[in-house]
Structures are given as C-alpha cells and as structure tokens.
Amino acid sequence: MGVATGRDLARFLRRHHQGVLAFGGRVAPARYVVEGRSEGAPALIVGLEPVALSAPEHLLFVPEERADAAQVLLVPIRAPSTGDRGTDRWEGYFGPPSKLALCRAVVRGVKWRGE
C-alpha cells in the first residue's frame with residue numbers, strides 16, 4: 001500500500017472532523033479542523049475539555065475508537081480564543097466552543113492503514 005504522506009493524512013483527517021480523544025487515562029469525543037496545507041504533517045485545531053490541556057500528549061482515534069481507526073499522537077498547545085485563523089475556522093464549523101478549550105495540536109506520530 002506504500003507509505004502515507006502528510007498530504008494523505010491531511011486529506012483523510014479532513015473527511016471526518018471528529019474522533020475520540022484519549023488523554024491521562026480518560027476518553028472524550030473531540031471535534032477538530034485541519035490547519036495548513038504543507039507537505040509535512042498537519043496541525044489540528046481541537047475542541048476539548050479544559051482538563052485535557054494538562055496532559056502532555058493525546059491520542060486521537062479517527063473516526064472513532066476501534067481496531068482499524070487511524071491513531072494520531074498529538075501534543076496540545078492552547079490556542080488563542082480570538083483573532084486566530086485556526087480557532088475562527090473551528091468556530092465557523094462548530095459554533096462557539098462554550099465549555100470547551102481550543103488547542104492547536106501538533107502531530108507527532110500516526111498509526112494508520114496498518115503502518
């Protein structure tokens with residue numbers, strides 16, 4: 001099947017917009033948008049429980065937590081709540097985050113399509 005590129009991963013992630021986020025022994029649904037169009041791994045803007053920002057790494061299962069799901073290792077960084085293109089885009093898709101915190105999540109690793 002070949003090695004997936006950053007562009008392949010971004011294309012796959014853009015088709016879904018939500019998954020299950022595992023962090024600090026907890027799991028929670030998460031909605032996201034893909035940021036950037038470069039050849040490298042994409043960054044994600046993720047809406048998550050504020051407590052999740054205290055975990056140094058997250059594992060995002062897309063489209064949901066199951067054996068054949070893509071598993072994306074993320075490092076979260078709190079995103080500005082206003083005046084940021086990524087968070088504005090997230091709000092355009094999903095509305096105001098209300099009780100959620102928004103983070104910019106850097107992709108550090110991927111297990112996907114048996115790779």
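On the face of helix α2 turned away from its buried side sit the exposed residues Arg85 and Gly92; exposed stands for over 50% relative accessible area, buried for under 20%, and partly exposed for the range in between (1.4 Å probe, protein chains only). The model is predicted, so local features need pLDDT of at least 70 and side-chain atom pairs count only at pLDDT 80 or more, while totals for chains, interfaces and linings use all residues. Residues are numbered from 1 along each chain as its sequence is written, and side-chain values use heavy atoms, with hydrogens and water left out.

**Overall fold**

- The chain has two helices and six strands, taken as DSSP runs numbered from the N terminus (helices H or I, at least four residues; strands E, at least two).
- Their order along the sequence is α-β-β-β-β-β-α-β.
- Of the 115 residues in the chain, 41% are buried.
- Contacts (heavy atoms within 4.5 Å) between residues at least 6 apart in sequence join residues at least 24 apart in 62% of cases.
- The accessible surface is about 6,500 Å², with 53% of it belonging to carbon and sulfur atoms; the areas come from the Shrake-Rupley method with a 1.4 Å probe, and for residues only the protein chains shown count as cover.

**Helix α2**

- Gly86, Thr87 and Trp90 are the buried residues named in α2, which spans residues 85-94.
- These buried residues fall within an arc of 95° seen down the axis, so they line one face of the helix; the arc is that of the directions from the helix axis to the C-beta atoms.
- The buried residues of α2 pack against β2, β3 and β6.
- At the N-terminal end, Asp84 caps α2 through a side-chain oxygen 3.0 Å from the backbone nitrogen of Gly86.

**Nonpolar core**

- The largest nonpolar core holds 26 residues, and Leu13, Tyr32, Leu44, Val46, Leu48, Leu60 and Leu74 have the most contacts inside it; such a core is a set of buried Ala, Val, Leu, Ile, Met, Phe, Trp, Tyr and Cys residues joined through side-chain atoms within 4.5 Å.
- At least two residues of this core come from each of α1 (6-14), β1 (18-23), β2 (26-35), β3 (43-48), β4 (58-62), β5 (70-78) and β6 (101-111).
- Not counting residues up to four places away in sequence, Leu74 touches Leu21, Leu44, Pro56, Glu57, His58, Leu60, Ala105, Val106 and Val107.

**His58**

- His58 belongs to strand β4 and is buried, at 3% relative accessible area.
- The His58 side chain reaches the backbone oxygen of Ala52 at 2.8 Å.
- Beyond neighbours within four places in sequence, the contacts of His58 include Leu21, Phe23, Leu48, Val72 and Pro76.

**Salt bridges**

- The whole structure contains three salt bridges, each a side-chain nitrogen of Lys or Arg within 4 Å of a carboxyl oxygen of Asp or Glu.
- Arg26 pairs with Glu49, with the closest N and O atoms 2.9 Å apart; Arg26 lies in strand β2 and Glu49 in the loop between β3 and β4, so the pair ties together parts 23 residues apart in sequence.
- Arg104 forms a salt bridge with Glu35 at 2.7 Å between the closest N and O atoms, linking strand β6 to strand β2 across 69 residues.
- Arg104 also meets Asp84 in a salt bridge (2.8 Å, N to O), and Asp84 is in the loop between β5 and α2, 20 residues apart from Arg104.

How values were computed
Polar contact = N/O pair within 3.5 Å; in protein donor to acceptor, adjacent residues only side chain to side chain.
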